[in-house]
Amino acid sequence: MNATASLAAPIATARLDLEPLRLAHAETCYASFADPSLYRFIDLPMPADAAELRERFAGWRRGSGRPDEAWLNWIAFERGTGRAAGWFQATVRHADGEADIAYLVFGTFQRRGVASEVVRAMADRLFAATDVLTLVAQTDERNEASRRAALAAGFAADPLPFASTLRGEPSTDRIFRLRRPPGTVASPG
């Protein structure tokens, strides 16, 4: 198993099972990804149908093509019910020791601690298995739930927000960072 494959291996949390993203997840998760409320604060288009979502998943699975960058994607499923709870991503940039993380929690799973639970598990995996020193999350200042999830997962907010745009409209974003805990050493691949 190569290093990227082992990083993208399944992850279990107290309530959830994270499966590495598969194309078949497009059919399973399309209704969840088709919820317009998910796109209020993110610059990601809502998929028109399951086929379009499958194409997006194929691109995420291919990654950037850069040898120093790994794209890791998981779909979280509630243990016991098997219902899809969200999509979680980490972009590991080996050259600068950082990984960008993103999370999208589906409908009925919002405001139940799912994002912070999964992000903590992702952080544990990345800090234990890579040379990543810092995880970075970026969120629209208006997205209170996403900001709270980052803080609950142990991230600290950068002191100043920055201006950005969202679908051509002015927006203000904030960066959150989680640094590798002192004494944590990655185990060799």
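**Close-up 1. Ile 75, a buried residue of the predicted model.** Ile 75 counts as buried because its relative accessibility is 0%. The model shown here and in the other views is predicted. Ile 75 belongs to strand β3, which covers residues 69-78. With neighbours within four places in sequence set aside, Ile 75 contacts Asp 17, Leu 18, Glu 19, Leu 21, His 25, Cys 29, Phe 33, Phe 57, Ala 84, Gly 86 and Trp 87. Between the C-alpha atoms of Ile 75 and Ala 24 the separation is 11 Å, and the two residues lie 51 residues apart along the chain.

**Close-up 2. The crossing of helices α2 and α3.** Helix α2 spans residues 25-33 and helix α3 spans residues 50-62. Their axes come within 9 Å and cross at roughly 110°. Angles of 65 to 115 degrees count as roughly perpendicular, and α2 and α3 are therefore roughly perpendicular to each other. The crossing of α2 past α3 is right-handed. On the α2 side the contact is made by His 25, Ala 26, Glu 27, Cys 29, Tyr 30 and Phe 33, and on the α3 side by Ala 50, Leu 53, Arg 54 and Phe 57. Sorted by class, this contact holds seven nonpolar, one polar and two charged residues. His 25, Cys 29 and Phe 33 of α2 and Phe 57 of α3 take part in it; these four residues are also among the contacts of Ile 75.

Close-up 3. Arg 111 sits in the loop between β5 (98-105) and α4. Its phi is positive, about 60°, although Arg 111 is not a glycine. The relative accessibility of Arg 111 is 65%, so this residue counts as exposed.

**Close-up 4. Helix α4 and its buried residues.** Helix α4 runs over residues 114-129 and has 16 residues. From its first C-alpha to its last, α4 reaches 23 Å, close to the 22 Å expected at 1.5 Å a residue. Its buried residues are Val 114, Ala 115, Ser 116, Glu 117, Val 118, Val 119, Ala 121, Met 122, Ala 123, Leu 126 and Phe 127.

**Close-up 5. Leu 151 in helix α5.** Leu 151 is found in helix α5, residues 144-152. With a relative accessible area of 48%, Leu 151 is partly exposed. Apart from neighbours within four places in sequence, Leu 151 is in contact with Ala 157 and Phe 176. Leu 151 and Asp 96 are 55 residues apart in sequence, and their C-alpha atoms are 23 Å apart in space.

Note on methods. Residues are numbered from 1 along each chain as its sequence is written. This is a predicted model: local features need pLDDT of at least 70, side-chain atom pairs count only at pLDDT 80 or more; totals for chains, interfaces and linings use all residues. Side-chain values use heavy atoms; hydrogens and water are left out. Helices (H or I, at least four residues) and strands (E, at least two) are DSSP runs, numbered from the N terminus. The expected span of a helix is 1.5 Å times one less than its number of residues. Buried means under 20% relative accessible area, exposed over 50%, partly exposed in between (1.4 Å probe, protein chains only). Axes are lines fitted to C-alpha atoms, for helices over the stretch in contact, and angles run from 0 to 180 degrees between N-to-C directions. Angles under 35 degrees count as roughly parallel, over 145 as roughly antiparallel, 65 to 115 as roughly perpendicular and the rest as oblique. A crossing is left-handed if the near helix is turned anticlockwise from the far one by less than a right angle, and right-handed if clockwise. Contact means heavy atoms within 4.5 Å. Ala, Val, Leu, Ile, Met, Phe, Trp, Tyr, Cys and Pro count as nonpolar, Asp, Glu, Lys and Arg as charged, and the others, Gly among them, as polar.
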